[in-house]
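Trainee: I have the sequence and the model open side by side. Please take me through how to read the features.

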Amino acid sequence: MTATPALKSFATADGRHPAGIDLSAGVLGAIVLFLSALVGLPLLWLAVFAFTNAKGMPTLANFGDLVSDPDLLDPLITTFSLAGLVAVFAAISAAPLAWLVSRTNLPGRRIVRALLTASFVTPPFLGAISWEILAAPNSGILNRLWREMSGGTEALFDIYTFSGLVFVVTCYTAPYVFVVLSNALDRIPADLEDAAGILGASRWRVVRAITLPLALPALLAGALVAFLQAMTLFGSPAILAIPAGFHTITTKIYSLFQFPPKPEVAAAAALPLLLVTMLLLFMQSRLLGRRGYAVVGGKSGEARLMALGIWRWPAFALVMMVLALPLFLPYGALLKAAFSRVPAGPLDLANLTLAHVNFVFIEFSQTRRAFANTFVLALGTASAGTILALLIAYRVARQGGRTGRLLEALVSAPLAIPGIVLGVGLFLAYTRGPLVLYGTLWILFFAFLTIELPVAYQQMRASFRGLHPELEEASRILGATRLGTLRRITAPLLKSGVIAGWCLIFIGVVRELSAAVILSSQNTKVLSVVIFDLNESGDLGAIAIIGVTMLLLTFAIIGFANWIAGVGADPRRAVG
Amino acid sequence: MSHLLLERVSKHYGSTTVLDSIDLAVERGALVCLLGPSGCGKTTTLRLIAGFVEPSTGTISVGGNILSRPGNVLAPERRGMSMIFQSYALWPHMTIFENVAFGLTLRKIDKAQIGAAVGRMLSAVKLDHLAERYPGELSGGQQQRVALARALVVDPEILLLDEPLSNLDAALREEMRFEVRRLHDEFRYTTVYVTHDQAEAMTAADIIVVMNGGRIEQIGSPEDIYSRPRSGFVANFLGGANVLSGKALDDIHLDIGAGVVRCAEPLFTKDARGAFSIRFHELDIRAEEGVNTVQARVTRHTFLGATRDLSLVLANGTTLRASTTPDLRIPESGAVWVRFDPQRCRPVTL
């Protein structure tokens, strides 16, 4: 063993040894400043506008309008009833689904899980438009079928109603509850259930007495997420409520930007939304941090699956029927609309057409630019956001301290800012000096970066937590520099987490509408805004083509990103 | 001259002192164990030597060259050391071969030589058949041996081990204790080994350094430390002992409250407080009074097969533990006399 030469080491410690690529004070300071500006500026302008009148004098009149003007008060009431109902229905529908997938031997559990996760990729506004195609009172496919079967003239469903809105929003919010709950159910250790079983409890008794109470905090937290989503959603209400003649707070804020614009009232209307969001997020973190939930996450044994017996296939049929509502029916409707002259027309050759394809890709001038804008923004935001989140997560995970906590607070703050509120704030901040960004893609880039940064950061932080510092130290002590360690040890081990974070940002940007609708201008329209515009002109076939193309491109890019991640990666990685 | 030298090394985190002015000298080729309970500063000492932690005061030098001093720490990768971590820290994305070869690839050695060196090292730890596996596919003991091979193959100036056996089950731990010692006898690297397990320290070490509360309590060979503990803490931590304190009547007699005990070594100061330790099996339990005896009452006795464990209480309430032959039968709450062999009563600091 003496053949190996020792390192050229043992230099005396005179003169400072090079520290490698430390996140030096300069870079760190720049990140803190950048984050503060990113989050702080829009909120500052929002506050300024909310408390001043059109002439710039300080006033509380904007808030007076908010509670006295029925045009503003009604949307507030509608918003909270919508969010409350959606939370309840999402919890009711997601809970059995999560239990069946996580804790029973339901056939095709993996596929069901994948399908529900895939419904995240569906932008909610596209889902809402699909349901227009399905259940508009006159032209809806389902209503057409119903009339043919019954021979009557009555519509079976009317999607342009408050209950229709609740239904559609629930369809695309329930997956959030499902994910939170099924993660919790996956982690309830089997021995907690066995302990009840050995004391004589029947299997159903165990579910009722042990499993459900343990999962209850997660269910409540999931319902809170659903409430938040429904409250801050813009696309679905704009598509379904405005034609029905009512507003939610987000669509009202949007309409306050239409002619004649009243940004100060919009700012005042945005503040309660911001405050309620912060309150709910606080409640959620308390709920998930409680003692009872700490048990979930124990490391004792895998979750045990319950045999459904003769109920296996009926349960499967039920799950498929539930999945039809957010997935099969809407996607079927979209595909049909894409290639039909009349969306609700019969399925025959006479109705088949490529006219929409022609319109979208040849005649309609906005399409190509919108595709380019969307994917440039998505790629740019995903890449910049990933790097920023990675740097911050590295700093927080490896050094911590007060600066770490400040960084973490800053990077997580946008979680509490609904997209439409951020849109209003950014609009107010960047339509005036010193930095006029309105009318450029930059304002959209900053909006998307702000919105997506918290999610990316959480992903990176989780990756770093799974990476034991000793893995890096082992490399250092054997002679690798800080940079060499980053390249040979840290980067390969973080790769899958980084790619996942990148994909999350990418998907988030493509499906973002609420900030984009306020911030994009004639030349900076993104796909979501183009779809939104086309919906106002009732061009469902074109929307279907754009929507399907957008989803296919998104899947292709995500697939490509994961393929890159897979090249050279070993399937048998398990941290010892 | 000592190879590795720590002089007045302290480490403070804010107002907490983790390490309080440590002096330690390690000879070339020696295996030194830092032994102590958790929080005693032994791991901090190791990380200071490795260069992961900067000292608050003092210097660390190897072969006369200063590697660490406050404000100036030579980077870990330039110290020519290697380390075995508590978690093993095997890189899950590399094969066993790649893990072991990692340090050599950094030293710009040609491939054939690396292959040969890694092969030799893997057979030394009896893992040559697993070279192409990944760490996740190995058992705990095998992972441990990979960590050993990876650390040894670079021919380190100094080898550091941080509780390397604490994640293994009891049987494997015992086997690996001897393995560590065997490999040390084979390669003779200057080694610093951190553990909280006294049996591990006794098996492996040339020199044991007992640490407590950020200070060094005692340095010596395993035999020396066991048979001549200088403090009650050391006596208790290594092998367990009764520590009795009281007022010294002269340099050899101590009044422990329930009687007067004579020790052989004249180390007490008249009228000052003093203490001595005596091992459980060194107490002599007898039925009648004799020379250097104190009366006691048996509160509990437990049959342990090879020995019998007695709990005793003295007249002033002091409790003692004694380990006797199993055939000694005394009724519980029975009165006995405890004889203190003066040769076995070792004065210790309080």
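Trainee: Which residue is the bridge partner of B:Asn242 in β15(B)?

Mentor: The partner of B:Asn242 is B:Ile278. In general, strands of a sheet pair through backbone hydrogen bonds, either parallel or antiparallel. Two strands are said to pair if DSSP finds at least two bridges between them. Strands are DSSP runs of E with at least two residues, helices are runs of H or I with at least four residues, and both are numbered from the N terminus. Here β12 (residues 242-248) of chain B runs antiparallel to β15(B), with 6 bridges joining them.

Trainee: Before going on, what should I know about the model and its numbering?

Mentor: This is a predicted model, in which local features need pLDDT of at least 70, side-chain atom pairs count only at pLDDT 80 or more, and totals for chains, interfaces and linings use all residues. Residues are numbered from 1 along each chain as its sequence is written, while chains are lettered from A and ligands numbered from 1 in the order in which they are written.

Trainee: Which strand pairs with β12(B) over 2 bridges?

Mentor: That strand is β13 (residues 253-255) of chain B, and the pairing is antiparallel. B:Ala248 has B:Leu254 in β13(B) as its bridge partner. Between β12(B) and β13(B) the chain makes a hairpin through 4 residues.

Trainee: How many bridges join β15(B) to β21(B)?

Mentor: There are 3 bridges between β15 (residues 273-278) of chain B and β21(B), and these strands run antiparallel.

Trainee: What are the domains of chain B?

Mentor: The bounds come from an automatic or database domain assignment. For chain B it gives domain 1 (4-227) and domain 2 (241-348). Taken over C-alpha atoms, the centres of domain 1 of chain B and domain 2 of chain B are separated by 40 Å. An unreviewed UniProt entry lists "domain: ABC transporter" for residues 4-238 of chain B. UniProt positions are given in the numbering used here, feature names are shortened, and annotations may be inferred rather than shown by experiment. Residues 4-238 of chain B are 35% helix and 28% strand.

Trainee: How many helices and strands are in chain A?

Mentor: Chain A has 24 helices and 0 strands. Its radius of gyration is 26 Å, close to the 25 Å that the globule rule gives for 576 residues, so chain A is as compact as a globular protein of that length. The radius is taken over C-alpha atoms, and the rule is 2.2 Å times the number of residues to the power 0.38. The C-alpha trace of chain A spans about 95 × 70 × 50 Å along its principal axes.

Trainee: Why is helix α20 of chain A called largely enclosed?

Mentor: A residue is buried if 20 or more other C-beta atoms lie within 10 Å of its own, exposed if 12 or fewer, and partly exposed in between, with C-beta atoms placed from the backbone. In α20 (residues 469-477) of chain A, 7 of the 9 residues are buried, so the helix is largely enclosed by the rest of the structure. The buried residues of α20(A) include A:Leu471 and A:Glu473. Their cover includes α21 (482-510) of chain A, along with α1 (42-50) and β7 (81-84) of chain B.

Trainee: How does A:Phe375 count?

Mentor: A:Phe375, in helix α16 (residues 366-398) of chain A, counts as partly exposed because it has 19 C-beta neighbours inside 10 Å.

Conventions: Contact = placed C-beta atoms within 7 Å.
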